[in-house]
Amino acid sequence: MENLHAPTIPAGPTSTPTTNGTSSHLSFAELQQKKDNVEAELKALGGVLVSHGVDMSTPLLTRDGFPRSDLDVAQIRTTRARIIRLKNDYKEIMANAEKFLHEHFANAAESGESGTPTASTSTILPDSDTQSLEAPFAKVNAVSANSPAELSGLKAGDEIRNFGYVNWANHDGLKKVAECVQGNEGSNIFIRVSRTSGVASREELRLTLTPQRNWGGRGMLGCHITPM
């Protein structure tokens, strides 16, 4: 019982204690690498929990308040603590990556054409970019006419890989998409989508979406998105 909370798995080198701005000085390539490392460790730690037949919310105590004898409570608690810490790191990394992208595209817009994003602003990603694309986590079922979604270039059938800082690993049943939209009214959100092109091929697109509350329809996007 004295060693109940003692670590039984290594903490790993992926993440260090975070403070405000810890990853803000990194380049986009370094942020991407750090994100990949965190995702890999989260996946491995998730496998540890699965091997014990538990998840992040499985009770570890009996009704009497004693540690369950059928579980390695110490390792599970250590693993959970590491997962929570990594998820906090992940949020910081994605926030800094989103900030980097906003600044990058804002600078690009200043040097090029300005104005309200339209379907013409969609960009087909080069082949070299497709290697690092996230797996799709949501699908667009419908897009309303003259909505922010339509102006961005979104179409029904598009599969969303990234929605600002949201991806397959952190979308939380699309709750994070709603948070991203609410927190970016009137601001650009950069998204990546995969779209059917022809019979057996797909296009990878980068779109700019600007949530608006009073565009003339329901919601701030004007589209219906469902998890995949």
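A salt bridge is counted here where a side-chain nitrogen of Lys or Arg lies within 4 Å of a carboxyl oxygen of Asp or Glu. The model is predicted, and local features need pLDDT of at least 70, while side-chain atom pairs count only at pLDDT 80 or more. Residues are numbered from 1 along each chain, and side-chain values use heavy atoms.

A search of the whole structure finds 9 salt bridges, including one between Glu185 and Arg213, whose side chains meet at 3.1 Å, N to O. This pair links distant parts of the chain, with Glu185 in the loop between α5 (175-182) and β4 (189-197) and Arg213 in the loop between β5 (201-209) and β6 (223-227), 28 residues apart; helices (H or I, at least four residues) and strands (E, at least two) are DSSP runs, numbered from the N terminus. Glu185 is partly exposed at 37% relative accessibility, and Arg213 is partly exposed at 44%, where buried means under 20% relative accessible area, exposed over 50% and partly exposed in between (1.4 Å probe, protein chains only).

Helix α1 (residues 28-51) has 24 residues and reaches 35 Å from its first C-alpha to its last, close to the 34 Å expected at 1.5 Å a residue, a span taken as 1.5 Å times one less than the number of residues. Among the buried residues of α1 are Lys35, Glu39 and Glu41, and a network of salt bridges links Lys35, Asp36 and Glu39.

The side chain of Glu41 meets that of Arg82 in a salt bridge of 2.8 Å, N to O. Because Glu41 lies in helix α1 and Arg82 in helix α2 (residues 73-111), the pair ties together parts that are 41 residues apart in sequence, and both residues are buried.
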